[in-house]
Amino acid sequence: MDALIGWIGGKRLLRKTISQYVPKDIQGYIEPFGGAAWMLLFKDKWGDLEVYNDLDYRLVNLFLQVKYHPDELIKELDFLVASRKLFGDILKQEGLTEIQRAARFMFLITRSFGSKGDSFGTSQKRGTSSMYNRLERIKELHRRLDMVIIENLSYEKVIEKYDTKSNFFYCDPPYMLGYTYENSKQFSHETLRDILKNIKGRFILSYDDNPEVLKLYKGYDIRHVTRTKGINRKEGKSEFNEVIIANFDLVDTDQDTAKTKAKTTKEIRGIS
Ligand SMILES: C[S@@+](CC[C@H](N)C(=O)[O-])C[C@H]1O[C@@H](n2cnc3c(N)ncnc32)[C@H](O)[C@@H]1O
């Protein structure tokens, strides 16, 4: 299924490409940097254990309310019509209950430009997007989350807690040269590398394609992929280069990557 919300850095356009590399023989599937969970939701089930985690409590609260109070969340969202005035009011008042806060967070993200949640977004062509479709998706996500564990920890703790030989981690951290999330101004890419170096399980890591990342992960299996930039699609040629890094051999099984606008361009092992 699709994610409930867009999210900066969300893997909507790369989920098909990345998912082909996820090993089939895993017991647990863990996302330490869950965001909107585009990868987790791409399949009905990845493993006997599934864990969603993010440090951002607004996201975690939304997932928790979908999991435990979907009907109340839907009722709350029913009142939130697409209005610039309401958007401004909600920016000032996040809500009094956890359900209100989840609904208002979802409203801000889905009604804003580029899913940033800070300014009311409209389109000259499409007007506004349907909230009813999203309300249906809440019910679908409610069912999908039935067996998913939802955590609100920093990634190191999640890796430590669930690290076994048979578990798999899909890591999608804040990018080195990308958007700075409020909670990741001090993010250490070296610490993440050190933690992943000693992991018992297998992992796939996605990053922006830059020499610093390639240097940190020299020796790992790396694929270079290109995708169109989400926000600037109408500008045509705008492309963004990313890498997929793994601590096991990546095997290409999916030839049909055109739809995702991402393609495997070359394979290297580290840099020379
Ligand atoms: C690139 S986004 C993940 C996007 C996600 N894969 C998706 O498809 O929507 C990175 C996420 O990492 C989270 N984050 C930042 N620092 C973190 C930390 N120390 N521990 C856990 N999550 C963190 C951010 O809140 C953000 O949601």
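Reader: In which helix is the place of K85?

Author: Helices (H or I, at least four residues) and strands (E, at least two) are DSSP runs, numbered from the N terminus. K85 has its place in helix α4, residues 84-92. Residues are numbered from 1 along each chain as its sequence is written. Please note that this is a predicted model: local features need pLDDT of at least 70, side-chain atom pairs count only at pLDDT 80 or more, and totals for chains, interfaces and linings use all residues.

Reader: Why does K85 count as exposed?

Author: A residue is buried if 20 or more other C-beta atoms lie within 10 Å of its own, exposed if 12 or fewer, and partly exposed in between, with C-beta atoms placed from the backbone. K85 has 9 C-beta neighbours inside 10 Å and therefore counts as exposed. Its C-alpha is 9.1 Å from that of F120, although 35 residues separate K85 and F120 in sequence.

Reader: How many helices and strands does the chain have, and what share of its residues is buried?

Author: The chain has nine helices and eight strands. Of its 272 residues, 34% are buried.

Reader: Which residues of helix α3 are buried, and where do they lie around the helix?

Author: An α-helix has 3.6 residues a turn, so residues three or four places apart point the same way. In α3 (residues 70-78), the buried residues are L73, E76 and L77. Seen down the helix axis, the buried residues of α3 fall within an arc of 95 degrees (the arc of the directions from the axis to the C-beta atoms), so they line one face of the helix. D71 and D78, on the other side of α3, are exposed.

Reader: Against which helices do the buried residues of α3 pack?

Author: Two residues are in contact if their C-beta atoms, placed from the backbone, lie within 7 Å. The buried residues of α3 pack against α2 (57-68), α5 (98-110) and α6 (131-144).

Reader: How many residues has the largest nonpolar core, and which have the most contacts inside it?

Author: In soluble globular proteins, nonpolar side chains tend to be buried together. A nonpolar core is a set of buried Ala, Val, Leu, Ile, Met, Phe, Trp, Tyr and Cys residues joined through C-beta atoms within 7 Å. The largest one here has 61 residues, and A37 and M106 have the most contacts inside it. Helix α5 gives the largest share of this core, seven residues. The core also draws at least three residues from each of domain 1 (15-55 + 153-269) and domain 2 (65-144), the bounds coming from an automatic or database domain assignment.

Reader: Where does A37 lie, and is it buried or exposed?

Author: A37 lies in the loop between β1 (28-31) and β2 (49-53). It counts as buried because it has 27 C-beta neighbours inside 10 Å. Leaving aside residues up to four places away in sequence, A37 touches A3, E31 and Y52. The phi of A37 is near 70 degrees, a positive value in a residue other than glycine.

Reader: Which residues come nearest to the ligand?

Author: A residue is near a molecule or strand if its C-beta atom, placed from the backbone, lies within 6 Å of it. Of the 23 residues around the ligand, G9, G10, G35, A36 and W38 come nearest.
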